[in-house]
Structures are given as C-alpha cells and as structure tokens.
Amino acid sequence: MSKFIHTFFAVFISLSAIGNSGKVNILGQVKNHSSDPITITYLNNQKLTFTELDVDGKFSISAEIEGGYYFLKYGRNTIYIYLNPKDELSIFFDAKNFKETLVFKGKGATRNKYLAKKAEVEEELTKDFEAFYKVGETVYLKNLMKIKDAHLALLSQYDVERFFVKEEKKSLEYERLLNIQNYKSNYKFYLGDDIILSENFYEPIKKVNLNNDKDYKKQLYYRYLVNSVWSKRVDAAPNVDEMLNVLRRVPSKELAISLVNGFYSKITIKEDRAKDYLDLIKRVTNHQPFIEAVEKKYEKIINSKALNVGDASPEFSFENVGGKVFSLESFKGKYVYIDVWATWCTPCIKQIPYLKELEKRYHDKNIVFVSISVDKKEDKDTWKNMINDKALVGVQLFADKSFESDFMNAYAVTSIPRFILIDPQGKIVTTEAPRPSFDKTKTLLDELLN
C-alpha cells in the first residue's frame with residue numbers, strides 16, 4: 001500500500017448532474033478522537049466537504065450532493081459509502097478500533113450497513129490466497145462468481161431502495177471484471193509467482209465500453225477497471241516517448257489526471273522502470289509540489305539501491321509495547337526477518353496469518369521475526385489494540401517517526417508491506433525479502449536455517 005495517496009494536481013473536476021441532487025446531513029461522534037477531521041471525497045479523491053470534531057468528538061456535516069458512492073475518511077481510515085439527497089445519516093466509531101466499532105443510524109444507514117458488511121464478507125472469502133488465486137482459470141472465475149453471488153445474497157437481505165440495488169448490481173459486475181483484469185498482477189502480488197493465461201481469459205474485458213463517462217464518475221470499480229487497462233497499456237510501451245504517446249490517446253482529461261497520479265505508485269524499489277515513470281511525470285505536468293514529491297521518492301530508491309547484499313544493515317532503535325527499546329544489535333547472532341507494516345494497511349494485515357505460520361514453522365530455529373509499525377505517533381494505541389486483538393507474536397516494535405524514521409529512509413520504505421532479511425552478523429541478505437505468503441519464502445528460510 002502506498003505511503004500516501006493524495007491528488008497532487010490542483011485541478012477541479014466537476015461531476016455531471018446525474019440523478020437527483022440535494023442536501024445530505026451527516027452527524028456523529030468519534031470516541032478517542034484525535035485532531036483529524038471527518039472528510040467526504042468523490043471517487044476521484046477530490047474533497048467534497050470536511051468538518052472538524054468538537055472537544056467531545058462530535059461532528060455535523062451538511063452538503064449538496066448527487067446521489068452516489070463516496071469515500072468517508074478519518075485519519076488513515078477510509079470507508080466506502082453511498083449517499084442520497086435528504087439522507088439524515090448518523091455515524092459513530094471508536095478511533096482506536098475503527099472498522100470493528102463503526103455504526104450507522106438514521107436515513108441512509110441501511111445502504112451503508114450493507115456496504116460495510118459486504119467488505120467483511122469479501123475479506124473472509126479471499127483471505128486464503130492459495131485457495132482463491134492459486135487455481136486454474138476456470139476455478140478462479142468460479143471463485144469470482146462466488147463472491148458476486150454472496151454479495152447479491154447479502155444485498156437481498158437489506159431493505160434498500162431500488163435505485164441503490166440497480167447501482168450496486170452494476171458495481172458487483174464491474175468488480176468481477178476488475179478482478180479478471182488484475183488476476184495476473186494480484187497473483188504476483190499475493191503469491192510471488194508469474195502465471196500465463198489463455199488468450200480467451202480477457203474476453204469479458206474486451207467487451208467493456210471503456211469510454212462510459214457516466215460510470216467513470218459514478219462507479220468505483222469501473223473507474224479502477226478503466227485505469228487498470230490504460231495503465232497496462234502505458235506500462236507495455238517500450239520507452240518514455242511511447243508511454244507519452246499512449247497517454248495522449250487517453251479519451252478524457254479526468255482519466256489522464258487519474259493515471260498520472262497513479263504513476264506515483266510506480267516509483268518503488270521493486271519497479272525496474274521507476275526512472276521512466278519519473279521522466280514521464282516530469283514531461284506531462286509542471287505542478288511543482290507533485291514533481292518534488294516524486295523526485296524525493298526516487299532519490300530514496302537510488303540511495304537504497306546503494307545497499308548491497310553483504311553490506312552492514314542500517315541500524316534501528318524502536319520501542320515495543322511495554323516501552324523497552326530494541327535495536328538491530330539486540331538480535332545479533334540470529335537471522336532477522338523484518339516486517340514493515342501499519343494498522344491501516346489492508347495488504348499488511350492479510351499477511352498476518354502467513355507470518356504467524358512462518359513464526360510457528362521456525363520457532364526453534366536461529367531466526368527472530370520483527371514487525372515494525374510505521375503508524376503515526378497518535379495511532380500508537382490503535383497499534384497496541386491490534387497486537388492484542390489479533391494476538392500478534394514475534395517482536396512488535398513502533399517506528400519513532402513513521403516513514404521518516406532513519407531506518408525507513410535508509411531502506412527507501414515508501415510503500416508497505418515491506419520485508420527485509422538480515423543475517424546473524426547484521427549484514428543484509430536481501431533488502432526486498434519475499435512475503436510470508438510466498439512459497440519462495442519457506443524455500444529461502446529452509447536453505448538458510450537447515
């Protein structure tokens with residue numbers, strides 16, 4: 001997950017008037033609140049409105065809207081919501097345990113209760129990466145239909161308006177198509193291997209109209225699908241000039257902006273073409289804050305790539321839950337498998353069961369598993385709660401300055417989850433270790449420890 005996902009372009013994108021418009025009222029209260037505001041954004045992450053909390057954590061929002069899907073954000077937490085004019089929605093949650101304590105009440109609550117439950121159902125159905133992804137094409141497509149059918153069954157249990165049912169059924173089909181489009185990249189992301197797919201596998205994508213402006217503005221998964229198709233076209237271009245030529249063929253300004261914003265995530269240590277994406281961004285925008293952020297990220301990568309296998313690892317010195325300070329030197333004499341994560345990072349949390357499996361498999365071997373949170377200082381209690389709630393094992397540490405900690409800067413940690421492996425002498429085995437869910441991780445550790 002990216003260190004941060006922000007829109008760097010100061011470009012206003014107006015939404016076409018689709019359906020009824022009118023005022024929505026939202027109020028609520030945040031327990032254990034911080035200074036973060038409640039923000040509602042469009043699907044393109046442009047801000048619709050925001051409000052600060054009072055001393056008791058209470059808030060109230062009134063805004064003119066078009067009926068549709070939006071994001072509600074609080075700190076690092078984001079939920080997908082559906083608002084309709086004349087909604088009188090109440091929202092309550094505990095900032096230390098956001099998703100588990102989220103409650104909706106009032107007019108418009110039922111739609112959003114469904115969306116929250118839908119996310120839970122999907123997480124449960126996809127938590128076993130091998131059962132979901134490591135299957136043949138036919139079985140994978142059946143797995144996608146199981147998700148869609150489960151969501152449709154769930155939707156039928158909620159007393160929601162016909163207009164929402166219509167929009168949500170469309171959303172479910174776009175989500176299925178998006179998962180077809182991204183199967184290969186998701187397989188690599190979660191299992192660490194490449195797969196070869198048949199020519200017919202992508203036929204459903206070829207039938208989709210990629211120039212539907214209405215759905216691009218109103219349907220999140222259609223938006224992701226279109227972005228994914230065009231992003232892969234850009235990535236397939238052999239050089240920056242050809243990448244730029246592909247970008248020039250993008251049919252809308254909003255899509256082009258969204259793609260360029262997405263190129264920021266391509267500037268990573270794992271991306272062989274990070275320099276190409278840096279050059280491409282500098283050729284398509286003169287928005288200086290964005291360019292400076294991209295250059296800073298790229299500079300971190302270059303510095304990190306100066307770290308070689310066999311070099312002495314940069315040090316760290318971080319506290320555990322009880323306030324005891326541990327450094328890399330504390331584990332000298334053992335291999336150290338470092339997991340850099342955060343409580344808000346969904347891909348990180350999905351790795352937890354696999355990390356626990358590794359810890360159990362190698363509990364009597366010469367290795368220690370160290371998890372370092374890059375949560376912000378104000379989220380330290382959330383981190384402590386998650387350690388207890390998920391019964392996390394191994395050594396749990398909290399980075400002193402989040403992503404700006406010296407250790408994170410030395411290794412150019414700009415996105416998570418990130419894994420690093422260090423040998424008993426404190427020397428680097430790999431700056432980019434395979435994830436716990438990868439088969440190759442067990443192979444690597446077996447070779448080192450047996």
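Visitor: What makes strand β7 and β8 a pair, and in which sense do they run?

Guide: Strand β7, residues 88-94, and β8 are joined over 5 bridges in the antiparallel sense. A strand here is a DSSP run of E with at least two residues, and a helix is a run of H or I with at least four; both are numbered from the N terminus.

Visitor: What should I know about the model itself?

Guide: This is a predicted model, in which local features need pLDDT of at least 70 and side-chain atom pairs count only at pLDDT 80 or more, while totals for chains, interfaces and linings use all residues. Residues are numbered from 1 along each chain as its sequence is written, and side-chain values use heavy atoms, with hydrogens and water left out.

Visitor: Which strands make up the sheet, and what makes some of them edge strands?

Guide: The open sheet has 4 strands in the order β4-β1-β7-β8, with mixed pairing. Its edge strands are β4 (58-66) and β8 (103-107), since each of these pairs on one side only. On average, neighbouring strands of the sheet are turned by 20° against each other, direction ignored. Helix α2, residues 109-126, packs on the sheet and touches β7 and β8; its direction makes about 155° with that of β8. Such angles run from 0 to 180 degrees between N-to-C directions of lines fitted to C-alpha atoms, for helices over the stretch in contact.

Visitor: Why is R176 called buried?

Guide: R176, which lies in helix α5, has a relative accessibility of 17%. Buried means under 20% relative accessible area, exposed over 50%, and partly exposed in between (1.4 Å probe, protein chains only). At 17%, R176 therefore counts as buried. Not counting residues up to four places away in sequence, R176 touches L144, M145 and K148; a contact is heavy atoms within 4.5 Å.

Visitor: What are N32 and K86, then: buried, partly exposed or exposed?

Guide: N32 has a relative accessible area of 37%, so it is partly exposed. K86 has 63%, so it is exposed. N32 sits in the loop between β1 (21-31) and β2 (38-41), and K86 in the loop between β6 (77-83) and β7.

Visitor: What makes the phi values of N32 and K86 worth a remark?

Guide: Most residues other than glycine have a negative phi, and most peptide bonds are trans. Phi of N32 is positive, near 55°, and phi of K86 is positive, near 80°. As for peptide bonds, a cis one joins I416 and P417, with omega about 5°.

Visitor: How do you know that the buried residues of helix α6 line one face?

Guide: The buried residues of α6 (residues 183-191) are Y183, N186, Y187, Y190 and L191. Seen down the axis of α6, they fall within an arc of 105°, so they line one face of the helix. The arc is that of the directions from the helix axis to the C-beta atoms. What covers these residues includes α3, α4 (137-155), α5 (162-181), α14 and α18.

Visitor: Why is the pair of F263 and Y277 called tilted?

Guide: The structure holds 35 aromatic pairs. In this one the ring centres are 5.2 Å apart and the planes stand at 50°, so the pair is tilted. Rings of Phe, Tyr and Trp (its six-membered ring) pair if their centres lie within 6.5 Å; planes under 30 degrees apart count as stacked, over 60 as edge-to-face and the rest as tilted. F263 belongs to helix α11 (residues 253-263) and Y277 to helix α12 (residues 274-284), 14 residues apart. Both F263 and Y277 are buried.

Visitor: What makes a group of residues a nonpolar core, and how many residues has the largest?

Guide: A core is a set of buried Ala, Val, Leu, Ile, Met, Phe, Trp, Tyr and Cys residues joined through side-chain atoms within 4.5 Å. The largest has 65 residues; among those with the most contacts inside it are Y80, F164 and L280. Its largest share, 8 residues, comes from helix α9 (residues 220-236). Apart from this core lies another, of 37 residues, including C345 and V413.

Notes. Pairing = 2+ DSSP bridges.
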